[in-house]
Amino acid sequence: MEMDKEYNITIEKEIQKKWLKEKIYKFNENEDREKRPPYIIDTPPPYPTGKMHLGHGLNWTYMDIIARFKRMNNYNVMFPQGWDCHGLPTEVKVEEIHGITKTDIDRQKFRELCIELTNENIEKMREQINSLGISIDWDNEYITMSPEYVRKSQLAFIKMYKDNLVYRGKHPVNWCPRCQTAIAFAEVDYINRNSYLNHIKFPYVEDENKYLEIATSRPELMAACVGIVVNSKDERYKDIIGKYVKVPLFNSEVKVYGDNDVEMDFGTGVVMVCTFGDKTDVIWVNRHNLEVKEAINEKGELTDICGKYAGLPTEEAKKQIIEDLKKEGYLIEQKPLEQNVGGCWRCKTPIEIIVGDQWFVNVKDLLDKVEKATNEIKWTPEHMKSRLLKWISDMGWDWCISRQRLFATPIPVWYCKKCGEIIVAKEEDLPIDPTKQCPYTCSCGNTDLTPETDVLDTWMDSSITPMAITKWEENNEIFNKFYPVQLRPQGHDIIRTWAFYTIIKSVALTDKKPWNEIVINGMVFGEDGYKMSKSRGNVVEPLEITKDYGADALRLWASNSTIGNDVPFAWKEVDYGYRFLRKFWNASRFAKMNLDNEVIEVIKNINKNIENNNNNNNKIKLRVDGLTISLNDVCSCCNNEEKKDNTIKIDNFVDLWILSKLNKLIKKVTNDLENYKFNTINDIIKFVWNDLCDNYIEMVKYRLYNKDNGEEAKLSKFNAQYTLYTVITNILKIMTPFTPHFCDAVGEIYKIDNLHHSWSFINETLINNKNEEIGEIAKNTIASIRRYKSNKGMPLNKPLNYVEIYTNNDYYDDLLKVVNDIRGTLNINELKIINGKPNLENKISEITPNKSKIGPEFKQHSREVMEFVKNANEEIIEKMLNEGYNSKYGLLTKEHIKEIKRALYNNGEPVESIDIDNLIDTICVIQ
């Protein structure tokens with residue numbers, strides 16, 4: 001098969017179809033672990049929005065590189081794809097598409113619309129994932145809204161409920177007034193905003209002429225003030241501890257408590273405790289056993305306890321209360337304040353803390369096990385582990401897992417109106433939606449049970465992904481065989497959610513860590529240096545890249561980054577990757593034109609024998625055992641009766657140079673990928689572009705083009721063919737995790753067997769620093785003389801008649817070893833390597849008289865003067881240039897000379913000389 005003249009990205013689509021049809025990435029759960037150990041990747045299930053963003057492109061490329069590398073190294077890889085379907089974004093989109101709210105239509109009908117949209121979006125995103133060449137095992141796809149997955153989510157809930165790790169209770173929760181749902185602390189994003197610190201008088205109950213000055217940013221919560229706290233060590237307030245003050249405008253009386261958590265240096269050092277303004281309010285309420293008052297409802301409006309302010313949104317209420325405080329003389333002053341306010345991770349609305357009946361995971365009882373599992377897991381980068389350990393150490397609340405939405409996993413619970421009993425579904429009845437059916441009777445005999453209408457937090461679904469893909473509570477034999485899984489790749493933005501919750505669920509349900517390793521990636525930033533967002537207008541979508549440059553160019557951009565770090569996008573890097581692929585395509589095409597299929601089969605058999613019989617000899621022996629080799633294509637010595645060992649020896653130092661560098665590269669890339677250093681792709685690109693394309697191919701063309709039928713010439717040509725094929729095919733293998741489409745296309749033409757399941761063989765016998773030094777000498781010498789030709793405007797294949805290279809003892813012997821390569825590559829008729837220094841003289845080669853000066857001054861003698869100047873010797877010219885020369889025609893000075901040309905002479909012959917790159921005291925003399 002011949003290669004097209006140009007590299008065409010349209011080949012990618014056909015290759016993707018072939019992969020899907022042949023299912024070459026299928027995981028075999030019955031595989032013998034001794035022959036192919038399992039490698040299971042717990043991949044992130046994205047929300048099915050219908051459109052992949054560049055962050056997905058980065059994350060999935062990282063995961064695919066790992067999956068492909070492991071698969072090529074004889075691992076039985078499961079690379080599943082999941083879809084985290086449930087969530088508020090889908091509900092919002094359905095409302096937008098259909099022009100409704102979820103309360104406008106039947107609950108089940110709304111859920112059907114959500115399912116319909118989700119299925120459409122999943123199909124779109126499947127195509128987008130495939131378009132990037134991601135080697136997903138589609139037989140192991142999971143969808144969290146499927147009955148099978150819902151059953152497992154509900155089962156996890158029930159098992160944890162029975163173990164007292166899930167409970168229902170009235171408890172403060174973070175609440176988003178816009179989304180109308182509870183959110184967990186891990187889902188709180190913090191937003192910077194400017195506000196005011198309001199200094200307010202709180203009069204003493206026993207003496208209204210005295211007051212405490214309290215600084216607060218939330219006067220709208222004053223109706224829910226249930227206590228005042230000051231630091232017990234604060235001398236300013238020792239006398240007021242235990243006494244009472246009045247809450248302005250609302251006239252309630254509250255006690256002052258001493259508490260060492262109060263910051264004496266913030267505001268006035270006096271804090272009102274409201275239920276609830278923030279997390280510290282919850283701590284103080286519990287610590288001092290204070291009353292709970294609800295000042296803000298689920299809509300973000302003030303409640304009836306707020307009197308005339310009831311029904312007002314919080315911001316409007318704040319303005320009115322401040323105005324009234326001014327009128328009544330309670331407001332002392334306002335000071336600007338920069339705040340870090342908790343907001344909803346979805347809509348960014350500032351959250352409120354409200355009290356209500358919710359379902360919780362008893363996190364505090366699991367934290368020791370979670371910390372132990374966290375430390376047992378290998379983290380890459382290692383420092384990312386500290387983020388989770390800090391989150392664990394700061395954990396003060398249990399995980400609120402109930403949500404006030406519709407499209408999510410139903411909580412399998414009913415309530416008895418008569419006796420208050422909670423009825424939990426039986427495991428054999430799962431999955432079940434309590435709002436659609438109730439097959440149970442309360443122990444008190446009541447059959448009219450109230451269904452739970454709240455649903456599970458979406459993290460309750462996604463936190464069992466490693467268990468779900470290994471068939472937890474579906475096939476115990478498989479689960480016990482494969483759990484924990486090998487790897488969790490994910491972003492650093494969800495360490496405190498997905499990573500944390502997954503470890504919680506795993507230790508609660510299996511008493512094991514969920515994975516052996518976790519690899520953390522960063523976020524994608526736009527070319528402007530900011531995180532990509534539609535509002536900034538810096539978003540680049542994968543399709544924008546792949547339509548012009550192809551998926552492999554995008555993958556090269558993604559690979560050129562450091563795991564754990566945020567990654568800036570740059571079009572120039574995509575373009576560079578694309579140009580690299582074109583460069584390598586052209587080099588592979590050239591090589592293939594000099595490698596017919598019969599030669600390829602010979603070389604393949606040689607390399608198979610090398611891999612199977614790794615000889616520890618200084619020189620590689622290429623064994624062609626029992627193979628008949630065409631005399632017309634490769635050297636006849638392989639059939640020579642005298643060669644009983646039937647070997648070919650690679651002894652050309654240019655071949656040995658690149659083979660040594662190749663095997664070093666394979667070794668480095670292998671080690672780098674074992675440690676998730678994806679930017680090792682730069683080493684591959686550098687090798688291909690500089691060593692292979694720009695140098696080695698140029699240095700072997702003369703051998704490939706040689707028409708000499710002599711045995712030595714044919715062997716030299718075959719050795720060049722062998723080396724070229726071996727280098728290109730091994731580079732294709734180590735590039736496959738990065739650019740699988742390109743490598744598949746070229747690999748097929750080069751007849752690479754089982755490309756996607758075979759890694760490059762490292763031939764340690766070929767790694768030789770001395771061979772590399774000699775090869776570098778050849779490369780630098782050839783590059784220097786090629787540059788000379790180029791600067792002279794000479795075609796690179798134009799013959800040079802006679803060249804001498806003068807060198808010292810350090811390089812003399814080595815240059816002799818590559819003299820044929822230098823001569824052949826540069827088309828030099830005669831080349832001598834000389835140990836010593838040239839006898840170079842810089843002499844005048846041509847003098848041009850200044851006719852405009854000589855003519856008017858010497859008139860009838862001007863012709864003779866011009867001839868005299870033109871033929872003057874070095875001594876006379878030096879005098880003319882310095883003090884002047886008295887000739888028989890008169891005084892001649894530098895003004896009588898228009899131009900002097902000098903030239904190098906070696907032993908009386910005019911020559912040109914150049915220094916050889918990186919070779920000290922080595923000069924090339926060209927005659």
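In which loop is the place of E473? The place of E473 is in the loop between α11 (465-469) and α12. This residue will be taken up again below, after a view of the whole chain. The structure is a predicted model.

The chain contains 27 helices and 35 strands. Its C-alpha trace spans about 125 × 85 × 50 Å along the principal axes. The radius of gyration of the chain is 40 Å, whereas a compact globule of 927 residues would have one near 30 Å. Of the 927 residues, 55% are buried. Among the contacts in the chain with a separation of 6 or more, 76% are made by residues 24 or more positions apart.

The surface and the charges may be considered next. The chain exposes about 41,600 Å², and carbon and sulfur atoms supply 44% of this area. There are 125 positive and 140 negative side chains, and the centres of the two sets lie 3 Å apart.

T374 is located in helix α8 (residues 367-376). Its relative accessible area is 0%, and T374 therefore counts as buried, the cut-off being under 20%. Leaving out residues up to four places away in sequence, T374 touches W379, K385, L388, L389, I392 and I503.

I24 lies in the loop between α1 (11-22) and β1 (38-40). With a relative accessible area of 18%, I24 is buried. Apart from its neighbours within four places in sequence, I24 is in contact with W19, R71, H756 and H757. The C-alpha atoms of I24 and E235, by contrast, are separated by 75 Å, and these two residues are 211 residues apart along the chain.

I100 is likewise found in a loop, the one between α3 (88-98) and α4 (107-131). I100 has a relative accessible area of 18% and is buried. Not counting residues up to four places away in sequence, I100 touches V94, E95, I105, F110 and L113. I100 and F110 are ten residues apart in sequence, and their C-alpha atoms are 9.6 Å apart in space.

The backbone deserves attention as well. Most residues other than glycine have a negative phi, and most peptide bonds are trans. The peptide bond from T275 to F276 is cis, with omega near 0°. F276 has its place in the loop between β12 (270-274) and α6 (279-288). Another cis peptide bond, again with omega near 0°, leads from Y483 to P484. P484 is in the loop between α12 (476-482) and β22 (485-491).

E473, the residue of the opening question, has a phi near 55°, a positive value in a residue other than glycine. With a relative accessible area of 28%, E473 is partly exposed. K859 also has a positive phi, of about 45°, although it is not a glycine. The loop between α25 (851-858) and α26 (862-870) holds K859. Its relative accessibility is 57%, so K859 counts as exposed, for which the cut-off is over 50%.

Note on methods. Residues numbered from 1 in each chain as written. Predicted model: local features only at pLDDT ≥ 70, side-chain atom pairs only at ≥ 80, totals over all residues. Heavy atoms only, no water. Helix = DSSP H or I, 4+ residues; strand = E, 2+ residues; numbered from the N terminus. Rg over C-alpha atoms; globule rule 2.2 N^0.38 Å. Buried < 20%, exposed > 50% of the residue type's maximum accessible area, 1.4 Å probe, protein only. Contact = heavy atoms within 4.5 Å. Areas by Shrake-Rupley, 256 points an atom, 1.4 Å probe, with all protein chains shown as cover. Lys, Arg positive; Asp, Glu negative; His and termini not counted. Charge placed at Lys NZ, Arg CZ, Asp CG, Glu CD.
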